[in-house]
Structure formats: C-alpha cells, structure tokens
Amino acid sequence: MPIDRKAILNTYSPKVERWDPASFVSVGNGEFATTVDYTGMQTILPSHPAATPLATMASWGFHSYPDSMVGRYDLLQRKTYQGSKGPVGYMSDAAGQEALFETLRINPHRFNLARFSLFTPALGTTSLIEQISEAQQRLDLFSGTITSTYRLLEDPVTVITAVHPELDQLSVSLASEADLGMLLSFPYPSHQKDGSNWEAEEFHTTNLISVGKNRWKIARIVDQTLYTVEILTNTNAQLSLIGTHQVLIQKTSKTLEINMLFSPNTAEQVHPVDFAQCIQASAAHWQRFWLEGGFVDVTASEDRRAGELQRRILLSQYLLAIQSSGSTPPAETGLTCNSWYGKFHLEM
C-alpha cells in the first residue's frame, strides 16, 4: 500500500499560535534562507540572548572587518605535537598571538542581509505583541510556504512568506484593509550570533534607486562587501528611504506583494519574478522533494513515541534541505544565525 505522503506532511506541518522565541519557522532553498516570527516577518525581535535570532542569510553573504588580515594563516605560530611519524604543527594555541589568532577566527563571518518587519503608522516601530490577537501560523511543508493570519488592532491581516527554489528571492504577500507596510532595515555585519550590528550606521551605505514600473533597487556598500536587493511589487507601492538604512514600503491597495532578490555584486544579472511565479515554483519544488525522494512512515506504529519520531524525521529533512544543501559546506546553524561565525566545521 503506497504511503500517503501529502497527508502525513499536512499532519506534521508546524503550527504557531502565539509569539514564542522557541517557535520561529524558516523558509529557504539551501543557498538562501530567512526565519520569521508569527507575523510572517521579522517584526518582534527576541530579547533573550539564547533565543534564535531572526535573520536573512545567503551562502555568499560573508563579510570581513577592515584590516582583518583575512587568509594570513602563514603568520600564525603553530603548536607542535608529536605524531606517530614525527612532529606536527597545528594552529591551536593563541598564547603570545592573541590578536592575530582572534581576527583570523572571526573573519570572514556570515551576516544578516536584511530585516523585514511589519510596519503600521498607528504604532510606528513599537512592539506589536499586545496588539496582535487570534494568531494562526502554519508552515506548509508540502509547498514551502508560511501562512500567517491574525488581527492587528482588530483588523484582519494575512501574510504569506516564501523563498524561490532557484533564486535568492524572498517573496511576501501582505493583505489587509488596514494601513500597513513593510520596513526593510539593514545592519552593519557582525560576527556575533545574530550577524547584525545596529549601532554602526556610519560604516555602511544604503541607496534606493527606482529602475522602472513597480521596480526598485537597493544598493548596499559594506566595506569591501557589495550587494543589491532588487524589489518588484504587484502595484505602484510607495518606497522611501527613512533614516540612514531603512526602506519603508507602503501599500496602495488591499494586497501588497513584495518580491526581493538578493544578489552579490559578482552575480550574473537576473531579476525577481512576481509573487505568483515564486509560489508556483516553490510548490513544484517541494512536491518533487517529498514525492520523489526517500520517505519514512512510522504512523502505523502503536508505540506512543511514534508521532514525535515522525515529526522529527520530517522536520530534519526539511531543515537539512533549506539550511545545508547549498553549494558550500554547511555551518552548524545553517543559514539561521552565526555559530562558529557562520563557517563550516567538521562535525557538520
């Protein structure tokens, strides 16, 4: 009897009903991923240092601090160990070379490309936790999309979040009768866990450029790291640079579809596709992933632990696909946040 894979996936697709820093969900394609809270965006940042950060990261998204001596491992003094075939030197001792050892450890580091958050003029950037009710969020494993519904100041809101399977594109649909928008915020890179330094505004630049109907480009210059965010919307949205490193996207109709393609300056020129194409590509990709590959079904087991085992198997497959299946060896925390400064290490 064939396994009803879709039914099992529907049963174990994660659901979130309240803001919880232990219940964030992610979408991605192995090269690019983002993690969101229950608003479908990165609206309410967790304050506890042990919580999972909300970030947007790519396999190419690495940065080095100026004068960081990247790659100069030849300058390190090695500690000698006696092996079976004689002495062997390893870069394992910082004694007497602490500054060099540390700078080579933390550079290069992966960083947060952007934060995208819900914005309402009625509340500005204040916390929305107290203003949100009736939250229902679901990550559909079979289509790779996150649907978040809730009431904000009594107004119904629906947000759909997805990542294109072949492009470093994040697509968000924001539907509400309320006066809402999206705020894109750009930090200076950091080697710390969240990959973000929100205090160093003078060390990077953010430029907003209109490039055509419903199209804009954000050019980012961060030391020697250059990248762009090309934006395509479904309507004539209003974009404006507010502050130094924030772009406000305001909707002019009930539904605003925002498609953001992130690219390093070395990438071949491609452009974002519209929201419907992104959703369609995501659904086709994930259906192939689940239907054509191996699948473990323990739902017929009478063991009381079977359900939890099934959940862990499916979510492990999903997380491996979105976080660790790209062109570079995976980091410990994939494309979620920085552990080991976002670098690969052998346990992974």
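By class, how many nonpolar, polar and charged residues does the lining of the second largest pocket have? I recorded eight nonpolar, one polar and two charged residues.

**Basis.** I worked from a predicted model, in which local features need pLDDT of at least 70 and side-chain atom pairs count only at pLDDT 80 or more, while totals for chains, interfaces and linings use all residues. Residues are numbered from 1 along each chain as its sequence is written, and side-chain values use heavy atoms, with hydrogens and water left out.

**Second largest pocket.** I noted about 310 Å³ of space in this pocket. Its lining consists of Tyr73, Leu76, Met91, Phe101, Leu104, Arg105, Trp340, Tyr341, Lys343, Phe344 and His345. A pocket here is an open set of points on a 1 Å grid over the protein atoms alone, where a 1.4 Å probe fits, with protein on both sides within 12 Å along at least five of seven lines; lining residues have an atom within 4 Å of a point. The volume is the space filled by probe spheres set on the points, which are joined across faces, edges and corners.

**Largest pocket.** I found a volume of about 560 Å³. Among the 21 lining residues, Ala22, Phe24, Val25, Leu315 and Leu319 are the closest to the centre. H1, S1, strand S2 (25-28) and H4 each give two or more residues to the lining, and H4 provides the largest share, five residues. By class, I listed eleven nonpolar, eight polar and two charged residues. Helices (H or I, at least four residues) and strands (E, at least two) are DSSP runs, numbered from the N terminus.

**H1 and H4.** I then looked up helix H1 (residues 5-12) and helix H4 (residues 306-323), whose axes come within 10 Å and cross at roughly 100°. H1 is therefore roughly perpendicular to H4 (65 to 115 degrees; axes are lines fitted to C-alpha atoms over the stretch in contact, with angles from 0 to 180 degrees between N-to-C directions). Ile8, Leu9 and Tyr12 of H1 meet Gly307, Gln310, Arg311, Leu314 and Leu315 of H4, contact meaning heavy atoms within 4.5 Å.

**Sheet.** I traced an open sheet of nine strands with antiparallel pairing, in the order S1-S10-S11-S12-S13-S22-S19-S18-S17; pairing requires at least two DSSP bridges between two strands. Strand S1 (15-16) and strand S17 (204-212) are the edges. S1 is joined to strand S10 (residues 132-140) by two bridges, and lysine 15 has arginine 138 as its bridge partner in S10.

Conventions:
Angles under 35 degrees count as roughly parallel, over 145 as roughly antiparallel, 65 to 115 as roughly perpendicular and the rest as oblique. Ala, Val, Leu, Ile, Met, Phe, Trp, Tyr, Cys and Pro count as nonpolar, Asp, Glu, Lys and Arg as charged, and the others, Gly among them, as polar.
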